[in-house]
Structure formats: C-alpha cells, structure tokens
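Here is a short tour for anyone opening this structure for the first time. Keep the 3D view handy and follow along section by section.

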Amino acid sequence: MKRIATFLILLAMSSVTLCAMPSQITFQGTLKQQGMPVNTPQNLTFSFVDGTGATISGTSPIPMANVQVTNGLFAVQLPIDPTIPWEQYTPYVRVSVGGQILTPDQPLNANLYALAAIPQGMIAMFATSCPTGWTRFSALDNNFPMGGATYGATGGASSHSHALAEGTQIYGASSSNTVGVTSHGGALGAFSGGGSSYIYPATDTTTSASNLPPYLTMIYCEKN
C-alpha cells in the first residue's frame with residue numbers, strides 16, 4: 001500500500017522557557033493513499049535522525065498507535081529531550097506508517113534549531129527553578145556580574161565607609177553631632193565660625209553605608 005506524505009512542523013506553545021529547549025513539538029502532516037486523503041487511524045512511529053540518516057544519539061523511536069487521521073491530516077506531540085546537544089546535529093524526523101518508512105525525512109524547522117543552539121556553559125537568568133538541562137550557578141548569588149578578560153575575578157563590597165583625615169573640617173557639625181563617626185582618635189577638636197564647622201584632631205571613620213541600588217533577585221543557571 002503506497003503512501004505519500006507531506007509534513008509540516010510547528011513548535012508547541014506549551015513548556016517553552018526563554019532561551020531553553022521546548023519539552024515537546026507539535027508535528028503536523030498529511031497522509032494520502034493512492035492520491036486520496038486517508039481517513040482511518042494509523043500506527044505511526046517517529047525517529048530523530050541526522051543528515052546522514054543515522055539515529056541521533058540518546059533518542060529512541062517513538063511509536064504511536066491509532067493516530068487519528070481526518071481528511072489526510074494528523075497532529076501528534078513529540079517529546080524533545082533538552083539534554084541532547086541538538087546544536088551538534090542537523091536534525092530530521094523520520095516517519096513510518098505501519099512499518100513502512102516514508103521518504104524523505106523531514107527537517108526540524110529553524111526555530112527549534114535556534115532554540116537548541118545554546119552553547120554549553122551559557123549563564124542565564126530565570127524567575128523559577130532551573131529548567132531541565134541547566135544547573136544552578138550559585139557563584140552569582142548575592143553578586144553582580146562584571147565583564148573581564150578572564151573568568152573568576154572578584155571584588156567590591158555591599159557597603160562602604162569614609163576616612164576623615166586629621167584636620168578635616170566638617171561644616172554644620174557640632175561636638176554632639178560628629179556626622180556618624182564610629183571611631184575617634186583624640187580629644188574633641190576646635191570649632192570655627194561661631195560653631196558652624198568642626199575640625200577633627202585625628203583620623204576618624206564614618207559609619208558604614210550601603211552601596212546597593214534597588215534590586216530584584218533572579219535565579220542564575222548554567223547550561224549543561
């Protein structure tokens with residue numbers, strides 16, 4: 001029984017995360033027998049192969065029994081394993097009907113291939129836990145990323161203070177208001193200008209203040 005098939009592939013709209021592989025695709029196609037649209041359920045098997053026709057490592061044939069075909073049209077959901085390095089292949093879907101392999105193999109569309117082409121080691125932000133194929137990147141917890149020629153340099157602090165050198169003159173200060181000084185190296189200093197300024201007699205340090213602007217925490221994940 002000769003069958004001629006024409007296929008279309010559409011990405012499923014569910015289970016898709018930004019910059020991550022979808023967990024399934026919707027595979028739609030048409031099936032004809034002797035030029036006429038098929039209208040009976042069919043046993044279909046789907047396989048993922050590369051451009052040479054070899055099975056993509058880590059995948060297995062997906063059998064589906066009694067797939068409804070109406071006026072030659074059918075649609076199935078095919079699971080996609082996001083841990084497979086799809087970017088290393090030119091992936092195709094091979095379809096067989098009742099054990100008969102249909103030709104040619106159908107290429108996965110460019111959108112899926114672009115989603116698959118996420119390099120290993122890429123760091124991305126998520127609002128939920130890391131998706132399949134990604135691992136929490138805890139090195140960025142409580143830290144901001146900063147560009148550099150190499151990875152791993154650290155620095156900065158979440159707060160800061162200032163040193164007041166001996167002889168520093170603070171306008172508007174008084175002996176009872178030493179502008180947040182936490183350590184004082186000597187006796188109270190002299191006032192000038194009718195008490196409008198204060199001169200520190202020794203090196204002092206101001207209280208600590210935050211460096212942080214308003215922020216929102218995100219979950220950093222690394223592509224396996």
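## The disulfide

Searching the whole structure turns up one disulfide. Keep in mind that this is a predicted model. The link is formed by C130 and C221, whose sulfur atoms sit 1.9 Å apart. Look along the S-S bond and you'll find an angle of -85°, making the link of C130 and C221 left-handed.

What does this pair tie together? C130 is in the loop between β10 and β11, while C221 belongs to strand β20, so the bond connects parts that are 91 residues apart in sequence. Is C221 buried or exposed? Its relative accessibility is 0%, and the cut-off for buried is under 20%, so C221 counts as buried.

In general, the strands of a sheet pair through backbone hydrogen bonds, and they can do so in a parallel or an antiparallel way. Here, β10 and β20 (residues 219-223) pair in the antiparallel sense, with four bridges between them. To find your place in that pairing, look for I123, which stands opposite E222 in β20.

## A hairpin and its other neighbour

Now move to strand β2 (residues 24-33), which runs antiparallel to strand β6 (residues 73-79) and is joined to it by seven bridges. One handy landmark is T30, whose bridge partner in β6 is L73.

β2 also pairs with strand β3 (residues 36-37), again antiparallel, through two bridges. Which residue of β3 is the bridge partner of Q33? That would be M36. Together, β2 and β3 make a hairpin with two residues between them, and Q34 in the turn has a positive phi of about 55°.

Next stop is R94, found in strand β7 (residues 92-97). With 23% relative accessibility, R94 counts as partly exposed; that label covers values between the buried limit of 20% and the exposed limit of 50%.

Leaving aside residues up to four places away in sequence, R94 touches T45, F46, S47, V49, G53, I101 and D105.

## The whole chain

Time to zoom out. The protein chain has one helix and 20 strands. It has 224 residues, and 31% of them count as buried. The accessible surface of the protein chain comes to about 13600 Å², with 56% of that belonging to carbon and sulfur atoms.

Conventions: Residues are numbered from 1 along each chain as its sequence is written. This is a predicted model: local features need pLDDT of at least 70, side-chain atom pairs count only at pLDDT 80 or more; totals for chains, interfaces and linings use all residues. Side-chain values use heavy atoms; hydrogens and water are left out. Buried means under 20% relative accessible area, exposed over 50%, partly exposed in between (1.4 Å probe, protein chains only). Accessible areas come from the Shrake-Rupley method with a 1.4 Å probe; for residues, only the protein chains shown count as cover. Two strands pair if DSSP finds at least two bridges between them. A disulfide is a pair of cysteine sulfur atoms within 2.5 Å. Contact means heavy atoms within 4.5 Å.
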